[in-house]
Amino acid sequence: MDAPRPPAFSVGLTGGIGCGKTTVANMFAALGAAVIDTDEIAHALTAPQGAAMPALLAEFGPDFATPEGALDRAKMRALVFADAGARARLEAILHPRIRAATAAAAAIATGDYVIFVVPLLIESGSWRERVTRVLAIDCPEQVQVARVMARNGLSEDQVRAIMAAQVTRAQRRAAADDIILNDDGLETLRPQVEALHALYLSHSKVM
């Protein structure tokens, strides 16, 4: 029996920190989409015994590992925010491995279509050519700040520093084929997801 063919239609789901990417992705998964989250892949690569850890420790030194052997994400975050060269070195190690892992996951995906959750999709440059459509999860900046402060315990200045390293809300909206506004709870979110799911299903059936 032949192996199932992976879906040809794919969506790149993106959004700024605190916009609700995971919540929306989970809703699409419940409707039948195959969801591949690049953040989850990155976490696996940098967990204890993660495939990227030997290269990361060789590049940055053993001080960047936690006692358990995972990447010290807080320490690395502080470094790359202060040093663009360090960010480039980190990305040179992680990005090819993330790309290979996402391709492998997509090759065996069996959902109606594939959604790649890519927080820095627009910033990365290469992802736009790899997906059929780009979906941006959008919300006002003040809502982002409040959500991340409550969720992560960061100060407003820390949250805004993270946001400053991402494209602006206007740039993200301009680059998207589709937009979901997530500023008013699940009751207003769900109908938007269902409408786009129907659209994506119709596209996937003709590919």
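Me: What covers the buried residues of H3?
Reply: In this predicted model, the cover over the buried residues of H3 includes H2, H4 and H5.

Me: Which residues of H3 are buried?
Reply: They are Met 53, Leu 56 and Phe 60. Viewed down the axis of H3, these buried residues fall within an arc of 65 degrees, so they line one face of the helix.

Me: And which residues are exposed on the other side of H3?
Reply: Pro 54 and Ala 58 are exposed there.

Me: What is Leu 56 in contact with, leaving aside its neighbours within four places in sequence?
Reply: Leu 56 is in contact with Thr 46, Gly 61, Leu 71, Leu 90, Ile 93 and Leu 94.

Me: How many residues has the largest nonpolar core?
Reply: The largest nonpolar core has 29 residues, and Leu 56, Phe 60, Met 76, Leu 90 and Phe 116 have the most contacts inside it. H5 gives the most to this core, with 6 residues.

Me: Changing topic, how much space lies in the largest pocket?
Reply: About 1700 Å³.

Me: Which lining residues lie nearest the centre of the largest pocket?
Reply: Of the 47 residues lining the largest pocket, Asp 39, Arg 73, Pro 119, Leu 120 and Gln 166 lie nearest its centre.

Me: What is the lining of the largest pocket by class?
Reply: The lining has 21 nonpolar, 13 polar and 13 charged residues. Helices that each supply at least two residues of the lining include H2, H4 and H5.

Definitions and conventions:
Residues are numbered from 1 along each chain as its sequence is written. This is a predicted model: local features need pLDDT of at least 70, side-chain atom pairs count only at pLDDT 80 or more; totals for chains, interfaces and linings use all residues. Side-chain values use heavy atoms; hydrogens and water are left out. On a 1 Å grid over the protein atoms alone, a cavity is a set of points where a 1.4 Å probe fits but cannot get out, and a pocket is an open set with protein on both sides within 12 Å along at least five of seven lines; lining residues have an atom within 4 Å of a point. Grid points are joined across faces, edges and corners, and a volume is the space filled by probe spheres set on the points. Helices (H or I, at least four residues) and strands (E, at least two) are DSSP runs, numbered from the N terminus. Ala, Val, Leu, Ile, Met, Phe, Trp, Tyr, Cys and Pro count as nonpolar, Asp, Glu, Lys and Arg as charged, and the others, Gly among them, as polar. A nonpolar core is a set of buried Ala, Val, Leu, Ile, Met, Phe, Trp, Tyr and Cys residues joined through side-chain atoms within 4.5 Å. Buried means under 20% relative accessible area, exposed over 50%, partly exposed in between (1.4 Å probe, protein chains only). Contact means heavy atoms within 4.5 Å. The arc is that of the directions from the helix axis to the C-beta atoms.
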